[in-house]
Amino acid sequence: VQGLEMIHSAEEFVALRDSSLKDECDRAATDEAPVSVWKDVIDKFPEYRKWVAHNKTVSLEILTLLYQFEPDVRRFISVKRKLSDELFELLSKDLDAVVRQGIASNRKAPISIISKLMQDEDKDVSRVAKYNFENR
């Protein structure tokens with residue numbers, strides 16, 4: 001049964017993520033891992049940081065840690081539903097328009113942030129924010 005297994009090392013996570021077997025690849029997105037394993041992946045395998053952010057079980061602590069990295073990683077974080085108010089705020093002001101668009105589309109983003117993003121200079125960001133605002 002999926003979701004009951006656990007990832008025990010950074011190397012195991014990378015192997016699952018790189019697997020050509022769909023079940024293994026899915027495990028990289030759905031299985032839990034201890035905080036120490038996520039930190040190891042972040043430190044040892046920088047190119048897998050976005051896949052850590054993509055994992056469904058990853059904690060707010062890890063998402064907050066991942067925030068400091070490249071736009072590619074922040075894009076994955078911006079669409080997560082379990083963000084803190086602080087992360088919603090920080091990501092809504094990101095220099096990368098695709099990151100702001102992720103927040104603009106996020107169903108859990110505070111309405112005050114969506115309202116601000118409706119005024120964004122990037123047309124895609126403001127359009128997505130308006131759509132989210134109207135569909136709440």
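Me: Which helices do the buried residues of helix 8 pack against?
Reply: Happy to walk through it, keeping in mind that this is a predicted model. Helix 8 covers residues 97-105, and its buried residues are Val99, Arg100, Gly102, Ile103 and Ala104. Those buried residues pack against helix 6 (71-78), helix 7 (85-92), helix 9 (111-117) and helix 10 (123-134).

Me: At the start of helix 8, which backbone nitrogen does a side-chain oxygen of Asp96 reach?
Reply: Look at the start of helix 8, where Asp96 brings in a side-chain oxygen. That oxygen comes to within 2.8 Å of a backbone nitrogen, the one belonging to Val98.

Me: Is Asp120 buried or exposed?
Reply: Asp120 sits in the loop between helix 9 and helix 10. Its relative accessibility is 13%, and the cut-off for buried is under 20%. Asp120 therefore counts as buried.

Me: Which side chain makes a polar contact with the side chain of Asp120?
Reply: Setting aside residues up to four places away in sequence, Asp120 touches Val125, Ser126 and Arg100. A polar atom of the Asp120 side chain also lies 2.8 Å from the backbone nitrogen of Asp122. The side-chain to side-chain polar contact, at 2.7 Å, is with Arg100.

How values were computed
Residues are numbered from 1 along each chain as its sequence is written. This is a predicted model: local features need pLDDT of at least 70, side-chain atom pairs count only at pLDDT 80 or more; totals for chains, interfaces and linings use all residues. Side-chain values use heavy atoms; hydrogens and water are left out. Buried means under 20% relative accessible area, exposed over 50%, partly exposed in between (1.4 Å probe, protein chains only). Helices (H or I, at least four residues) and strands (E, at least two) are DSSP runs, numbered from the N terminus. Contact means heavy atoms within 4.5 Å. A polar contact is a pair of N or O atoms within 3.5 Å; within protein, one must be able to donate a hydrogen and the other to accept it, and residues adjacent in sequence count only if both atoms are side-chain atoms.
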